[in-house]
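This report goes through contacts between side chains, a pocket and some details of the backbone. Please keep the sequence and the model in view while reading.

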Amino acid sequence: MSLLLALLFSILLLHSSTTHSLSSPASLPLSSINQKIYDTTKALCWGCWAQSIQFLYAHNLVRAAHLELPLAWDPTLESYAGWWASQRRADCRLEHSFPEGRFDLGENIFWGSGSGWGPLDAVQDWAGEERDYSYAANTCAPGRVCGHYTQIVWKDTRRVGCARVVCDDGDVFMTCNYYPPGNYVGERPY
C-alpha cells in the first residue's frame with residue numbers, strides 16, 4: 001500500500017511540474033521527481049540490473065506524464081524478448097516476432113546503426129511518436145506511425161520485458177514485449 005501511495009504521489013508531482021522529455025536519453029537528469037519515478041521503477045524491477053532498469057525507467061517516465069500507473073518488469077517477457085533478439089542477431093532485420101494481425105503480446109522493435117544505441121534511445125524513439133498522435137481523433141497523423149507510443153502508454157498494460165542485442169554486423173536490435181497488449185482499434189490508450 002505504501003508503494004502505491006508513493007507512486008501516486010510521484011505521478012501527481014510529475015503532473016504538476018513542467019513537462020519532461022527524453023531529449024537526452026543517455027544522461028537523463030534525476031530531478032527530485034525523476035528520482036521518485038526511478039525509485040518506484042527499481043521497486044517494480046526485482047533483481048534487475050542496468051539495461052532492465054533503463055528500459056523500465058524510460059517507460060515509466062513516459063507513462064507518468066499521462067498519469068498512467070508504472071509498468072512492472074516481467075522476467076518471462078524479458079526472456080521472450082531475449083529469444084527474439086537472439087533470432088535477429090544474424091540479420092538485425094526490423095521484424096516482429098509474431099505474424100501480422102496476431103498478437104498475444106504487445107511488441108515494440110527498434111534498430112539502430114552502430115553499436116552505441118541503448119534502452120533509453122529506443123524508448124525515446126517510440127515515445128517521440130506522441131507528436132503524431134491526436135488524442136481527440138484517436139489517430140495518427142496521415143502517413144505517420146504512433147502505435148509504439150500508444151503501446152507504451154496503454155492504460156491496461158501492466159508488465160514489460162525487453163532485450164537488446166548487438167547484431168553480427170555491429171548494429172543494434174531491441175525489442176520490448178507488453179502484457180496485456182494494447183492498441184485495440186477504436187479504444188484510446190489512456
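## Charged pairs

R88 and E95 form a salt bridge, with 3.8 Å between the closest N and O atoms. The model is a predicted one. In general, side chains of opposite charge can pair when their charged atoms come close.

How many salt bridges does a search of the whole structure find? The search finds six. The table lists three of them, including the pair just described.

| Salt bridge | N to O distance | Relative accessibility of each partner |
|---|---|---|
| R93 and D91 | 3.2 Å | R93 44%, D91 33% |
| D132 and R144 | 3.2 Å | D132 13%, R144 46% |

In the pair of R93 and D91, R93 counts as partly exposed, and D91 counts as partly exposed too.

The salt bridge between D132 and R144 has N and O atoms 3.2 Å apart. D132 lies in the loop between α5 (119–127) and β3 (133–134), and R144 lies in the loop between β4 (139–140) and α6 (147–153), so the pair ties together parts that are twelve residues apart in sequence. Elsewhere, salt bridges with shared partners join R88, D91, R93 and E95 into one network.

## Aromatic rings

The next contacts are between rings. A pair of aromatic rings is described by the distance of the centres and the angle of the planes. The count of aromatic pairs comes to six. One of them is the pair of Y80 and W83, which is tilted, with 5.5 Å from centre to centre and 40° between the planes. Y80 and W83 are three residues apart in helix α4 (residues 75–88), so about one helical turn separates them. Y80 is partly exposed at 28% relative accessibility, and W83 is partly exposed at 41%. Ring pairs also bring in W84, so that Y80, W83 and W84 are linked into a cluster.

The charged end of K155 sits over the ring of W154, at 5.1 Å from the ring centre. The charged end of R188 sits over the ring of Y135, and here the distance to the centre is 5.1 Å.

## A contact across the sequence

V62 belongs to helix α3 (residues 50–64). With 8% relative accessibility, V62 counts as buried. How far apart are V62 and I152 in sequence and in space? They are 90 residues apart in sequence, but their C-alpha atoms are 7.5 Å apart in space.

## The largest pocket

Rolling a probe the size of a water molecule over the atoms shows where empty space is left. The largest pocket has a volume of about 600 Å³. It is lined by 27 residues, of which G147, T150, G182, N183 and Y184 are the closest to its centre.

Which elements each supply at least two residues of the lining? They are β2 (106–112), β4 and α6. The largest share comes from α6, with four residues. By class, the lining of this pocket has eleven nonpolar, 13 polar and three charged residues.

## Backbone details

Most residues other than glycine have a negative phi, and most peptide bonds are trans. Some places in this model depart from that pattern. The peptide bond from Y179 to P180 is cis, with omega near -15°. P180 lies in the segment after β6 (172–179).

N183 lies in the segment after β6 as well. The phi of N183 is positive, near 65°, although the residue is not glycine. N183 is partly exposed at 31% relative accessibility, and N183 is also among the residues closest to the centre of the largest pocket.

Another positive phi, near 55°, is found at N138, again a residue other than glycine. N138 sits in the loop between β3 and β4.

Notes: Residues numbered from 1 in each chain as written. Predicted model: local features only at pLDDT ≥ 70, side-chain atom pairs only at ≥ 80, totals over all residues. Heavy atoms only, no water. Salt bridge = Lys/Arg side-chain N within 4 Å of Asp/Glu carboxyl O. Buried < 20%, exposed > 50% of the residue type's maximum accessible area, 1.4 Å probe, protein only. Phe/Tyr/Trp six-rings, centres within 6.5 Å; stacked < 30°, edge-to-face > 60°. Lys NZ or Arg CZ within 6 Å of the ring centre and 35° of its normal. 1 Å grid on protein atoms, 1.4 Å probe; cavity = no way out; pocket = protein on both sides within 12 Å on 5 of 7 lines; lining within 4 Å. Points joined across faces, edges and corners; volume = space filled by probe spheres on them. Nonpolar A, V, L, I, M, F, W, Y, C, P; charged D, E, K, R; others polar.
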